[in-house]
Amino acid sequence: MEIQEDVSLKKCNTFGIDVSAKYFVEVESENELIELCKSDFLTDKRHLILGSGSNILFTKNFDGLVIKNSIKGIKFKKSGKLIRVIVGGGTDWHDLVIQSLENGANGLENLSLIPGTVGAAPVQNIGAYGLELKSVFEQLRAVEITTGNVKVFTKAQCSFKYRSSVFKEELKGRYIITEVTLDLHNTDKVNTAYAPIRIALEKKGIDNPTSKDISEVVMEIRNSKLPDPSKIGNAGSFFKNPVIPKVDYKNLQVKFNGMPAFPQAANNKVKVPAAWLIESAGWKGKTVGGVGVHTDQALVLVNHGEGTGRELKDLSKEIQDSVFKKFKIKLEVEVNIL
Ligand SMILES: Cc1cc2nc3c(=O)[nH]c(=O)nc-3n(C[C@H](O)[C@H](O)[C@H](O)COP(=O)(O)OP(=O)(O)OC[C@H]3O[C@@H](n4cnc5c(N)ncnc54)[C@H](O)[C@@H]3O)c2cc1C
């Protein structure tokens, strides 16, 4: 474990923002991490735990220690239909999805191709195409940064919500997730609740899809919809989809005919697609300085190359203000701004 000084973070964040870290260390085991947390080095320094940097916007140099999580490894434990998977927090999420499918462990296919590490997945309870991490989550291990003590968190203790958890709220920045345990299965039960998945399967003439079929279809849909960060800097959805009272939605519908919404479990609420609001406020495809709103996907802010984090933050604020002015709906940022 080597602590380096003045390290560029340009390749460590998918926006490709050119900032640096005063100190940078990569940890490859939980013991190394405990040793680091128990040492004096961290006492007087700020710290940031970094996975693949696919949900972070740097607006300035980081003047403390960046701890890159490279604790890898996947273990499968089979017991009847249940397959318990124990995964190192620095493992690549999509590698986990693919290796699970290859080992007959189903249940993650709808979350194929989400960038990032397994340790970051519980932080915002990653979700896509009708599935959230919480539905397959069993428990996680995490190291408390100030003490180096290890704590196991159950599902209830994680307080998972839509794109959030205790690690993005009350315990933000206090624990480093080193291991995640998921409960998968070896049955053919698949989740086709999301309409575009059903349409894509129909087009392919697949009546009884396997988990691998779902994974392939999800990858195709994602590749056709979302910009590739290796080609244009972005962090996926910049904002969360707002959840508003049904009664407010009904009033808005009178004024904005065709405004889409999806019913929520709490039946007096609906979720409105943020992309629709941003597009309707005239932002889709707009460029401001070195940054902008993607031409095909209004929910994705992009760095055209030499853009700065400050420009992206300012643009996000302008979008929030104009959406609020037009619809009286507050857009909440999904990306972690530093
Ligand atoms: C093209 C694209 C598409 C995306 N699509 C989706 C999607 O469909 N659904 C979705 O939910 N997200 C999506 N995202 C967002 C992103 O992939 C997820 O949030 C992912 O889990 C972030 O992982 P990461 O390792 O890159 O985390 P980072 O960006 O490195 O970190 C994110 C936050 O988690 C904290 N953190 C990271 N690792 C740990 C750890 N081990 N312990 C404690 N805290 C930690 C960081 O400090 C930071 O606050 C997308 C991003 C991109 C670029």
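**Sheets, a helix pair and a ligand shell**

Author: Welcome! Three strands make up an open sheet, ordered β14-β16-β15, with antiparallel pairing. This is a predicted model, in which local features need pLDDT of at least 70, side-chain atom pairs count only at pLDDT 80 or more, and totals for chains, interfaces and linings use all residues. Residues are numbered from 1 along each chain as its sequence is written.

Reader: What makes β14 and β15 edge strands?

Author: β14 (243-245) and β15 (262-263) each pair on one side only. Strands here are DSSP runs of E with at least two residues, and helices are runs of H or I with at least four, numbered from the N terminus.

Reader: How do you know that β14 and β16 pair?

Author: Two strands pair if DSSP finds at least two bridges between them. β14 and β16 (residues 269-271) have three bridges, in the antiparallel sense, so they meet that definition. P245 stands opposite K269 in β16. Helix α6 (residues 246-255) packs on this sheet and touches β14 and β16.

Reader: Why are β1 and β3 placed at the edges of their sheet?

Author: That open sheet has four strands in the order β1-β2-β5-β3, with mixed pairing. β1 (4-8) and β3 each have a single partner strand, so one side of each has no neighbour in the sheet. β3 pairs with β5 (residues 62-69) in the parallel sense over four bridges, and the bridge partner of H47 in β5 is L65.

Reader: Why is α4 called roughly perpendicular to α5?

Author: Helix α4 (residues 195-204) and helix α5 (residues 211-225) pack at about 105°, with axes 10 Å apart. Axes are lines fitted to C-alpha atoms, for helices over the stretch in contact, and angles run from 0 to 180 degrees between N-to-C directions. Angles of 65 to 115 degrees count as roughly perpendicular, so α4 is roughly perpendicular to α5.

Reader: Which residues of α4 meet α5?

Author: P196, I197, A200 and L201 do, and their partners in α5 include D213 and E220. Contact means C-beta atoms, placed from the backbone, within 7 Å.

Reader: What makes up the shell around the ligand, by class?

Author: The shell has 18 nonpolar, 16 polar and no charged residues. Ala, Val, Leu, Ile, Met, Phe, Trp, Tyr, Cys and Pro count as nonpolar, Asp, Glu, Lys and Arg as charged, and the others, Gly among them, as polar. Among the closest of the 34 surrounding residues are G51 and A120; near means a C-beta atom, placed from the backbone, within 6 Å.

Note on methods
Parallel < 35°, antiparallel > 145°, perpendicular 65-115°, else oblique. Contact = placed C-beta atoms within 7 Å.
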